Amino acid sequence: MYFVYCLTSDAEPARRYVGFTENVDERLIAHNNGCNPSTARFRPWRLKGYVAFDSKGPALDFEAYLKSGSGHAFARKRLW
């Protein structure tokens, strides 16, 4: 399975992050251990939710969409 996940920062609740992974639990641990330079400053992170896909392509497409302008609007309305 492939997952697109949404995180919110406990330190700065307005900070949000969208990512792609094959293991949500390990990826959240990595974010909270500071392994990702773009999220390290805003630790700790909390998992807000995720969407599972059975193939990689659609998961990567959905992640890219959520990081686009219209995807940000969709996420604000439906995911956060």
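User: Which residue stands opposite threonine 8 in strand 2?

Analyst: Threonine 8 has arginine 16 of strand 2 opposite it. Strands are DSSP runs of E with at least two residues, and helices are runs of H or I with at least four, both numbered from the N terminus. The model is a predicted one, in which local features need pLDDT of at least 70 and side-chain atom pairs count only at pLDDT 80 or more, while totals for chains, interfaces and linings use all residues. Residues are numbered from 1 along each chain as its sequence is written, and side-chain values use heavy atoms, with hydrogens and water left out.

User: What makes strand 1 and strand 2 a pair?

Analyst: Two strands pair if DSSP finds at least two bridges between them.

User: What is the order of the strands, and which are the edge strands?

Analyst: The three strands form an open, antiparallel sheet in the order 2-1-3. Strand 2 and strand 3 (45-53) are the edge strands, since each pairs on one side only. On average, neighbouring strands are turned by 20° against each other, direction ignored. Helix 2 (residues 56-66) packs on this sheet and touches strand 1, strand 2 and strand 3. The direction of helix 2 makes about 165° with that of strand 2.

User: Why is strand 1 described as largely enclosed by the rest of the structure?

Analyst: Eight of the eight residues of strand 1 are buried, which is why it is described in this way. Buried means under 20% relative accessible area, exposed means over 50%, and partly exposed lies in between (1.4 Å probe, protein chains only). In a regular strand the side chains alternate between the two faces of the sheet. Both faces of strand 1 are covered, with Tyr2, Val4, Cys6 and Thr8 buried on one side and Phe3, Tyr5, Leu7 and Ser9 buried on the other.

User: Is threonine 21 buried or exposed, and what does it touch?

Analyst: Threonine 21, which belongs to strand 2 (residues 16-21), has a relative accessible area of 9% and therefore counts as buried. Contact means heavy atoms within 4.5 Å. Not counting residues up to four places away in sequence, threonine 21 touches Tyr2, Phe3, Tyr5 and Arg27.

User: What makes the pair of arginine 46 and aspartate 10 a salt bridge?

Analyst: A salt bridge is a side-chain nitrogen of Lys or Arg within 4 Å of a carboxyl oxygen of Asp or Glu. The closest N and O atoms of arginine 46 and aspartate 10 are 3.1 Å apart, so the pair qualifies. It links distant parts of the chain: arginine 46 is in strand 3, aspartate 10 is in the loop between strand 1 and strand 2, and the two are 36 residues apart. Both count as partly exposed, arginine 46 at 49% relative accessibility and aspartate 10 at 35%.

User: How many salt bridges are there by this rule?

Analyst: The count comes to three. Glutamate 12 and arginine 15 form one of them, at 3.5 Å from N to O. Lysine 67 and glutamate 63 form another, at 3.0 Å from N to O. Lysine 67 is partly exposed at 42% relative accessible area, whereas glutamate 63 counts as buried at 13%.

User: Why is helix 2 called roughly perpendicular to helix 3?

Analyst: Axes are lines fitted to C-alpha atoms, for helices over the stretch in contact, and angles run from 0 to 180 degrees between N-to-C directions. Angles under 35 degrees count as roughly parallel, over 145 as roughly antiparallel, 65 to 115 as roughly perpendicular and the rest as oblique. Helix 2 and helix 3 (residues 69-78) pack at about 85°, with their axes 6 Å apart. That angle makes helix 2 roughly perpendicular to helix 3. Helix 2 contributes Phe62, Tyr65 and Leu66 to the contact, and helix 3 contributes Ser70, Gly71, His72, Phe74 and Ala75.

User: How far apart are lysine 56 and tyrosine 2 in sequence and in space?

Analyst: They are 54 residues apart in sequence and 6.0 Å apart in space, C-alpha to C-alpha. Lysine 56 lies in helix 2 and counts as partly exposed at 41% relative accessibility. Leaving aside neighbours within four places in sequence, lysine 56 is in contact with Tyr2 and Phe20.
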